[in-house]
Amino acid sequence: MNGDHQILALVLFSAFVAVTLGITTWVSRNRHGSAEEFYAGGRLFSPMENGFAIAGDYMSAASFLGISGVIALSGYDGVLYSVGFLVAWLVVLLLVAELVRNCGRFTLADVVAARMSERPVRIAAGTSSVTVSVLYLVAQMVGAGSLVALLLGGTSGAARAWTVIGVGALMVIYVSLGGMRATTWIQIVKAVLLLAGSIALTVLVLIRFHGDINDLLTSAVAHSGQGEAFLSPGLRYGGSWTARVDFISLGLALVLGTAGLPHILSRFYTVPTARAARRSVVWSIALIGGFYLMTIVLGFGAAAVVGSDAVRSSNAAGNTAIPLLALDLGGGAGSTGGTVLFAIVAAIAFATILAVVAGITLASSAAVAHDLYASLKREGGKRRSEVAVARMAAAGIGAVAIGLSLLADDLNVAFLVGLAFAVAASANLPVLLYSLFWRNFTTRGAVWSVYGGLIPAVVLVVLSPVVSGGPDAIFPGVDFHVFPLDNPGVVSIPLGFLAGWIGTVLSPEGPDAARHAETEVRSLTGAGAV
């Protein structure tokens, strides 16, 4: 890329960073240091504001860069990501949003601990939340590394590494200084920017093909190098029985994982009532639905305009398809229009990454402070405030995510998010649904459910082709993979539900009928909700 791209994109991105740091500084001056303010923004946001913030939290680098990249390389099979990410919100709307808002205060563990023995449940749910958050963070930061490598005209490891470290440092500053209120406003600004950029690119793609979708798809087929197979199922997930089971596994993870993502669940606590939480989800579904329809157009547009081979040669996983498409739509390399459009899209993508990592870091630091620290601290020992611990945890989680991101920098970001969703669906969703809907659920069942989904999911990922045994693996030089699937969801999600049931059946203590009745009334009516 020439110097104009770099300078303009860096100026735009620097402007976004300056604005968001300004928001953070302004909020930090007007805050009081209560846990409710830090974790939930004082519960003062309207449904529309929270709906935009949820959309900003959810429409990640994986969505903007990864999904379109997968579609540009794999055609029809890549569309599963768009469909799965969107359909997942129906599960959230119908089963989770209102009930979680009524039962909890700040974290997933609050909902489960409402009718269980608190200490073991909080430790289990907190551990699971941090694991899911770190996996999700890695995906976002790998996207940042790919983007800057393209922006700076090379794929140098040093540029990627410093980018990942810089993003990690910024997210720690956002969370430590501004808490939930600053994070929410950053996500709202980012959602508006991302939707505006996506609409502009989609309109330009449709103008290029005179509004003829058939012409767009025909051109995508011609430039994909795959022929008619590009628009048929099976190009990515149809070669063998393992590929087909992987497809089912990924679909399960995407549809069920959203309802177990800690940074999404924590957003329901930022509004005053359960009704507002439900209306927030309706707003977010409208925004997210429109966005995912656009990613399909942009993915096929990248294949048609840029060509699958050109996308692959720029980034093997397809993470740079959208910026390359913007460059071409604006007039090509060297043109003023191409330079401007490329820079705008690169800056929006980077803003997307920053906003999402801030939300995830806040949710995971809340899990460390509110669940793990509060449960593990010794009686009579020196007590730090939860908010102080959360700020320190943000720095620690940032460091871990940076280290893992530097290892996984060649993997597709949408694929990495699929792994995070699989772990969330395996460890968090079973215990959440059992707690809300099963009268006989016990503390042992809750703990077994979390670990029975979390441990198999993480172990299966480690033993999968993602980590070792192939040229695209994290450790390509060694081979210790024994699990044939890339995504563990089809095995680990049922194990999470099964472990919860077995733990409850074998539990020496019976269910607490009185606490269940209280929780049920509270979840359905909001009586006694915080």
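I took helices (H or I, at least four residues) and strands (E, at least two) as DSSP runs, numbered from the N terminus. On that basis I counted 21 helices and zero strands in the chain.

**Entry: ground rules.** This is a predicted model, in which local features need pLDDT of at least 70 and side-chain atom pairs count only at pLDDT 80 or more, while totals for chains, interfaces and linings use all residues. I number residues from 1 along each chain as its sequence is written, and side-chain values use heavy atoms, with hydrogens and water left out.

**Entry: overall form.** I looked up the radius of gyration, which is taken over C-alpha atoms, with a globule rule of 2.2 Å times the number of residues to the power 0.38. For 530 residues a compact globule would come near 24 Å, and the chain has 22 Å, so the two agree. I noted that the C-alpha trace spans about 70 × 55 × 45 Å along its principal axes.

Next I looked up contacts, meaning heavy atoms within 4.5 Å. Among those with a separation of 6 or more, 82% join residues 24 or more positions apart.

**Entry: surface and charge.** Accessible areas come from the Shrake-Rupley method with a 1.4 Å probe, and for residues only the protein chains shown count as cover. I have about 18,800 Å² for the chain, with 66% of this belonging to carbon and sulfur atoms.

For charges, Lys and Arg count as positive and Asp and Glu as negative, with His and the chain ends not counted. Each charge is placed at NZ of Lys, CZ of Arg, CG of Asp or CD of Glu. I found 29 positive and 27 negative side chains, and the centres of the two sets lie 12 Å apart.

**Entry: cores.** I call a residue buried under 20% relative accessible area, exposed over 50%, and partly exposed in between (1.4 Å probe, protein chains only). Of the 530 residues, 59% count as buried. A nonpolar core is a set of buried Ala, Val, Leu, Ile, Met, Phe, Trp, Tyr and Cys residues joined through side-chain atoms within 4.5 Å.

The largest nonpolar core has 151 residues, and Tyr58, Tyr81, Phe85, Phe268 and Phe421 touch the most other members. Helix α15 (residues 336–376) gives the most to this core, with 20 residues. I also found a second, separate core of eleven residues, including Ala113, Val121, Phe441 and Ala446. In soluble globular proteins, nonpolar side chains tend to be buried together.

**Entry: His210.** I found His210 in the loop between α8 (157–208) and α9 (213–224). His210 is not a glycine, yet its phi is positive, at about 55°. Most residues other than glycine have a negative phi. His210 is exposed, because its relative accessible area is 74%.

Entry: Ala222 sits in helix α9 and counts as exposed at 61% relative accessibility. Its C-alpha atom is 50 Å from that of Gly500, 278 residues away along the chain. Glu228 lies in the loop between α9 and α10 (241–257) and is exposed, with a relative accessible area of 61%.

**Entry: two leucines.** I placed Leu404 in helix α16 (residues 386–407), and it is partly exposed, with a relative accessible area of 37%. Leaving aside neighbours within four places in sequence, Leu404 is in contact with Val134 and Val138.

Leu416 belongs to helix α17 (residues 413–427). Is Leu416 buried or exposed? Leu416 is buried, because its relative accessible area is 6%.
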